[in-house]
Amino acid sequence: MVVDALVSDQTTPTTLLVLLGSLRADSSNRRLAEAAIAQLPAGIAAHVSVLPALLPHYDQDLDGDDVPEAVTTFRAEVAAADAVLVVTPEFNGSLPGVLKNAIDWASRPRAEAALAGMPVAVLGAAASPRAAQWAREDAVRVLTVAGARPLETTVGWAPRSRPSTARTSPTARSRRRWRRRCAAWSASRWRPERPVHGVDLVAEAAPHAVTVLR
């Protein structure tokens, strides 16, 4: 696999931070995030952040000399990651407030934002046939404006309510196309101080996660 070839330095574990937009304990998106993490090769340190739910609503009055402790901790958590995986449901046709708020906090201060140049991949699950397409598209747009470097291609999963309504899992052809796009993206856009394998590992995990949950 591409990831296995890229993750060659096992003395320095790669860190993947997962930002989950669903707070429900057994949500489809939590299952999707866990499946993605389960597909990572040995040596990759990945975890779902619990901090987005603890962050206050973004307020510039709070973002001064006395920043809330949860914000300081969250920004440090993002900055310490090599790559970020965003997993989002779709609420009223867009990404949920808890996720947008987390991105807002991590995008500031602009001169030294934790998200600046950060490689990000976006997954999403929703019951609609579009599989959270609007939320995934909005996430890419918001992350780009925030200064991150998200993959333009995202992956969605529609949990089946009946066998006939299941969303088809990615074909081998679509997975190959995804990997080619990821390889081209990482070669042209990755941030030099962040290992390129951090970009590829989240891209590689995405189609596998969808297959596992099918």
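In this note, two residues are in contact, or touch, when heavy atoms of theirs lie within 4.5 Å. The model under review is predicted.

1. Overall composition. The protein chain holds seven helices and six strands. Read from the N terminus, its elements follow the order α-β-α-β-α-β-α-β-α-β-β-α-α. Of its 214 residues, 48% count as buried. Where contacts in the protein chain join residues at least 6 apart in sequence, 79% of them join residues at least 24 apart.

2. Strand β1 and its two partners. β1 pairs with β2 (residues 44–48) in the parallel sense, over five bridges, and V18 has V48 as its bridge partner in β2. β1 also pairs with β3 in the parallel sense, again over five bridges. On that side, L16 stands opposite A83 and L19 stands opposite V86.

3. Strand β3. How many residues of β3 are buried? Six of the six are, so the strand is largely enclosed by the rest of the structure. A83, L85 and V87 point one way from β3, while V84, V86 and T88 point the other way, and all are buried. Besides its pairing with β1, β3 runs parallel to β4 and is joined to it by five bridges; in β4, A121 is the bridge partner of L85.

4. Crossovers. Two β-α-β units can be traced through these strands. One is made by β1, helix α2 (residues 28–38) and β2, and it is right-handed. Another, made by β3, α4 and β4, is right-handed as well.

5. The largest nonpolar core. This core has 31 residues, of which F74, V78, V86, I103, L115 and L143 touch the most other members. At least two residues of the core come from each of β1 (14–20), α3 (69–79), β3 (83–88), α4 (97–106), β4 (119–125) and α5 (133–145). There is also a second, separate core of 17 residues, among them L32, L40, L85 and W157.

6. Contacts of F74. Which residues does F74 touch, not counting those up to four places away in sequence? They are L19, S49, L51, P52, L55, A102 and A106. One of these, L19, also stands opposite V86 in β3, and V86 is named with F74 among the core residues that touch the most other members.

7. The aromatic pair. The count of aromatic pairs comes to one. Why is the pair of Y58 and W105 edge-to-face? The ring planes stand at 65°, and planes over 60 degrees apart count as edge-to-face; the ring centres are 4.6 Å apart. The pair links distant parts of the chain, since Y58 lies in the loop between β2 and α3 and W105 lies in helix α4, 47 residues apart. Is each residue buried or exposed? Y58 has a relative accessible area of 24% and is partly exposed, whereas W105, at 0%, is buried.

8. A charge over a ring. R130 lies over the face of W134, at 3.8 Å from the ring centre.

9. Most residues other than glycine have a negative phi, and most peptide bonds are trans. The peptide bond from R108 to P109 is cis, with omega near -5°; P109 is found in the loop between α4 and β4. N92, which is not a glycine, has a positive phi of about 50° and lies in the loop between β3 and α4. A132, also not a glycine, has a positive phi of about 65° and lies in the loop between β4 and α5.

10. A132 is buried, with a relative accessible area of 0%.

Technical notes: Residues numbered from 1 in each chain as written. Predicted model: local features only at pLDDT ≥ 70, side-chain atom pairs only at ≥ 80, totals over all residues. Heavy atoms only, no water. Core = buried A, V, L, I, M, F, W, Y, C linked by side-chain atoms within 4.5 Å. Buried < 20%, exposed > 50% of the residue type's maximum accessible area, 1.4 Å probe, protein only. Helix = DSSP H or I, 4+ residues; strand = E, 2+ residues; numbered from the N terminus. Pairing = 2+ DSSP bridges. Right-handed = clockwise from strand over helix to strand, strands pointing away. Phe/Tyr/Trp six-rings, centres within 6.5 Å; stacked < 30°, edge-to-face > 60°. Lys NZ or Arg CZ within 6 Å of the ring centre and 35° of its normal.
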